Amino acid sequence: MLSLLYQEGPSTKGIFRRSGSAKTFKELKEKLDSGTEVDLARESIFVTASLFKDFLRNIPGSILSSQLCDKWVSVLDQGNNEEKIKSIQRLIELLPRANVVLLRYIFGVLHGIEMRSEENQMNAFNLAVCIAPSLLWPPVSSTPDIESEFIKKISSLVQFLIENCCRIFGDEITSLFGEI
């Protein structure tokens, strides 16, 4: 999925914003969940993006770890960008290795899409609004007002992560997929 999103996302207007066919999404999700081989290259990239967000939402405790939720939310309240980046890097070190590897690929894809935002209309802000709720959620449910405020903060955090991904994860995230 990430490979396809890396290839097609930068040239796809509204990637992660638009959803594909609900029927196709449901059918593909059932096939993937049952272990059936699926050729996503034959499907709409919007369905693939929806499947990927669904995959992220189903990671127990979220990819950024709901246990670290308060720390993630408060990261942008810290001093200058350097201090924010250092705090983010410290939080990333607390995550399981598999989460860190996946995050690097995710932000490699998001960076590639953002670099061509004039073409696809998905700048860091737009991408963050679409993907942030799939990356982190609070450990307990709350009122709609608190949840809305939380999503705004997480979206700002994800926007910062996208805009500074090379400094946070290293310049090599731009070449994780090699020459596809």
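Start by selecting Gln 121: with 39% relative accessibility, this residue counts as partly exposed, because that label covers values between the 20% and 50% cut-offs. Keep in mind as you click around that you are looking at a predicted model. Gln 121 sits in the loop that links helix H7 (117–120) to helix H8 (124–135). Check its backbone too: phi is positive, about 60°, even though Gln 121 is not a glycine.

Next, jump to Ser 65. This is another non-glycine residue with a positive phi, here near 75°. Ser 65 also lies in a loop, the one between H3 and helix H4 (69–74). Buried or exposed, then, for Ser 65? Its relative accessibility is 13%, so Ser 65 counts as buried; the cut-off for that label is under 20%.

Now for some helix pairs. Two packed helices are described by the angle between their axes and the distance between those axes.

Color helix H6 (residues 97–115) and H8. Their axes come within 10 Å and cross at roughly 155°. That makes H6 and H8 roughly antiparallel to each other, since angles over 145 degrees get that label. The crossing of H6 past H8 is right-handed.

Then switch to helix H2 (residues 22–34) and H3. How do these two axes cross? They come within 10 Å, at an angle of roughly 55°, so H2 and H3 are oblique to each other. H2 passes H3 in a crossing that is right-handed.

Stay on H3, which spans residues 45–57, and pick out Phe 55 within it. Phe 55 has 40% relative accessibility and therefore counts as partly exposed.

Last stop: Lys 152, in helix H9 (residues 144–163).

Conventions: Residues are numbered from 1 along each chain as its sequence is written. This is a predicted model: local features need pLDDT of at least 70, side-chain atom pairs count only at pLDDT 80 or more; totals for chains, interfaces and linings use all residues. Side-chain values use heavy atoms; hydrogens and water are left out. Helices (H or I, at least four residues) and strands (E, at least two) are DSSP runs, numbered from the N terminus. Buried means under 20% relative accessible area, exposed over 50%, partly exposed in between (1.4 Å probe, protein chains only). Axes are lines fitted to C-alpha atoms, for helices over the stretch in contact, and angles run from 0 to 180 degrees between N-to-C directions. Angles under 35 degrees count as roughly parallel, over 145 as roughly antiparallel, 65 to 115 as roughly perpendicular and the rest as oblique. A crossing is left-handed if the near helix is turned anticlockwise from the far one by less than a right angle, and right-handed if clockwise.
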